[in-house]
Amino acid sequence: MIKPKVVITRRWPKAVEAALVEDFDVTFNKQDRALTADELKDAVHFADAVLPTVTDRIDARVLDDANPRTKILANYGVGYSHIDIDSARTHGITVTNTPDVLSECTADLTLTLMLMAARRASEGEREVKTGAWSGWRPTHLLGSKVSGKTLGIIGFGRIGQEVAKRAHHGFGMRVLAFNRSPIAQDVLIKTGAESVASIDELLPQADFVSLHCPGGAANKHLIDCRRLGLMRESAFLINTARGEVVDERALVQALTFETIAGAGLDVFNGEPDVLPELRSCENAVLLPHLGSATLETREAMGFRVVQNLKDFFEGRAPRDLVA
Ligand code: 8YV
């Protein structure tokens, strides 16, 4: 049987690449950089399947102006706001993602950011590593307590729920959850969360606000200047969702004038470029999109892609169908 042609846009963990070549005729991106729009366009004309990541903007420009050969975009990641779903539908291209397998690690990293921001871990580490630490003193780098505080979660899907469990059961936090669609009672019981009716109701009550909603146009600047103004002066904003959910210029203002206490960010608008003003904020902890970055999770994401591809090419409905 002729193996379907597959383009994998970035290098994946070895074990998954090995599984992929068993069943597919794989073309690898030999360079350690994201493909350009023209290269992506070539890929969708050449291959039966393209396996994009968050660094590949698959928009109308890539898909629209010719007849793509590609029948499936099997995304390596749960978020897919970098793929123009309407355009994919127009061309009859199936889109899949990799939910579930990265929820725990992304939730772990969310807690990492909460702790780092509140306990001033990056500032402390910078002092020690640069030799600037002058020794223990009672008022040195005083942060904010995390245990027992109130966490507001915006977007209560799989990742939001994992964050809630950790915060409530591990840190004794009160957890408030906002979700576009109603949250089932058994989910609230399992996670220890209380449902709130609106984001505006959640913000003034939270010591930590953590974002777990999808990116894309619908949620662009969901956290804007007005909503930052609803947060407590002592509160922290945590973002492991997508950069565009936050108006970063408004966030810089809030951090600079200390209308909020700090932020912990793993995602940015226009990654990997980060606003210089944001990079200069001492009260912001900034990580390079590490949410799912463990070997275990990146392998599990890859195997999920392989399964979605096999389902598709063997005539079954892929488990993680997006469009
Ligand atoms: C992925 C993520 O590593 O899955 C997501 O949506 O944000 C990350 O954890 C990345 O998207 C890879 O494409």
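This is a predicted model: local features need pLDDT of at least 70, side-chain atom pairs count only at pLDDT 80 or more; totals for chains, interfaces and linings use all residues.
Good morning, colleagues. I shall begin with the overall division of the chain. The protein is split into two domains. Between the C-alpha centres of domain 1 and domain 2 the distance is 31 Å.

How do the two domains meet? Five residues of domain 1 are in contact with seven residues of domain 2. On the domain 1 side, the touching residues comprise one nonpolar, three polar and one charged.

I turn now to the annotation. An unreviewed UniProt entry places the feature "domain: D-isomer specific 2-hydroxyacid dehydrogenase NAD-binding" at residues 111–291. In the model, 33% of this span is helix and 15% is strand. The C-alpha atoms at the ends of residues 111–291 are 11 Å apart.

Strand 1, residues 5–8, runs parallel to strand 2, residues 25–28, and four bridges join them. Within this pairing, Lys5 has Asp25 of strand 2 as its bridge partner. Helix 1, residues 14–23, forms a right-handed β-α-β unit together with strand 1 and strand 2.

Which other strand pairs with strand 1? Strand 3, residues 49–51, is also parallel to strand 1 and is joined to strand 1 by three bridges. Here Ile8 is partnered with Leu51 of strand 3.

Notes
Residues are numbered from 1 along each chain as its sequence is written. UniProt positions are given in the numbering used here, feature names are shortened, and annotations may be inferred rather than shown by experiment. Helices (H or I, at least four residues) and strands (E, at least two) are DSSP runs, numbered from the N terminus. Domain bounds come from an automatic or database domain assignment. Ala, Val, Leu, Ile, Met, Phe, Trp, Tyr, Cys and Pro count as nonpolar, Asp, Glu, Lys and Arg as charged, and the others, Gly among them, as polar. Two strands pair if DSSP finds at least two bridges between them. A crossover is right-handed if, with the strands pointing away from the viewer, the path from the first strand over the helix to the second runs clockwise.
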